[in-house]
Amino acid sequence: MKNHPFDFHGSQFTIKVLSSESSNLYTVLDILHAPNIGPAAHQHPAGPETFHIVEGNYEFFLNGESIVAKAGDTVCVPTGVLHRFVTGEKGGHAIVISPPNLEFYFWEVSKLLSERKVPFEEESEIGKKYGQIFSDGSKHWD
């Protein structure tokens, strides 16, 4: 799983640090996002999430506020804050420090997506198991 790129909703995810390697404090992901996509609004009760933008443009929405980020910018999302993002028209590359165990949500859903379409409700239940709590399914990776 670690250091092996996998497809997640059309983006390439690589797990760089497993939660078990950080004493279950965080995980680190290297993500090449496709253009004009992002997750539905969600929150992480287990910890903050930090995005360092390597390439491209992103628009983040945190508690209803818009933050535009470009290469070199870092966006920190505090624990429990409702957020989402959308990539720019050329996609983007981000290093993401996520709450612990979130890598298993991405990995499990990606395996299912390689076999079939995954309904949002099912993905949401998998997310809950690993600390990704969605507010609803609107604008989810489309």
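Q: Hi! Where does A71 lie?
A: In this predicted model, A71 is in the loop between strand 6 (65-70) and strand 7 (74-77).

Q: Thanks. Is A71 buried, exposed or partly exposed?
A: A71 is partly exposed, because its relative accessible area is 41%, and partly exposed covers the range between under 20% for buried and over 50% for exposed.

Q: Which residues does A71 touch?
A: Leaving out residues up to four places away in sequence, A71 touches I53, V54, E55 and G56.

Q: And how far apart are A71 and S19?
A: C-alpha to C-alpha, A71 and S19 are 26 Å apart in space, and they are 52 residues apart in sequence.

Q: Switching to the helices: at what angle do helix 1 and helix 2 cross?
A: The axes of helix 1 (residues 102-113) and helix 2 (residues 120-130) cross at roughly 155° and come within 8 Å. That makes helix 1 roughly antiparallel to helix 2, because angles over 145 degrees count that way.

Q: Is that crossing left-handed or right-handed?
A: Helix 1 passes helix 2 in a right-handed crossing.

Q: Nice. Which residues meet there?
A: From helix 1 there are L102, F104, Y105, E108, V109 and L112, and they meet E122, E123, I126, G127, K129 and Y130 in helix 2. By type, the residues of this contact divide into 7 nonpolar, 4 charged and 1 polar.

Q: Which residues of helix 1 are buried?
A: Those are L102, E103, Y105, F106, V109, S110 and L112.

Q: Last one: how far does helix 1 reach?
A: Helix 1 has 12 residues and reaches 17 Å from its first C-alpha to its last, close to the 16 Å expected at 1.5 Å a residue.

Terms used
Residues are numbered from 1 along each chain as its sequence is written. This is a predicted model: local features need pLDDT of at least 70, side-chain atom pairs count only at pLDDT 80 or more; totals for chains, interfaces and linings use all residues. Side-chain values use heavy atoms; hydrogens and water are left out. Axes are lines fitted to C-alpha atoms, for helices over the stretch in contact, and angles run from 0 to 180 degrees between N-to-C directions. Helices (H or I, at least four residues) and strands (E, at least two) are DSSP runs, numbered from the N terminus. Angles under 35 degrees count as roughly parallel, over 145 as roughly antiparallel, 65 to 115 as roughly perpendicular and the rest as oblique. A crossing is left-handed if the near helix is turned anticlockwise from the far one by less than a right angle, and right-handed if clockwise. Contact means heavy atoms within 4.5 Å. Ala, Val, Leu, Ile, Met, Phe, Trp, Tyr, Cys and Pro count as nonpolar, Asp, Glu, Lys and Arg as charged, and the others, Gly among them, as polar. The expected span of a helix is 1.5 Å times one less than its number of residues. Buried means under 20% relative accessible area, exposed over 50%, partly exposed in between (1.4 Å probe, protein chains only).
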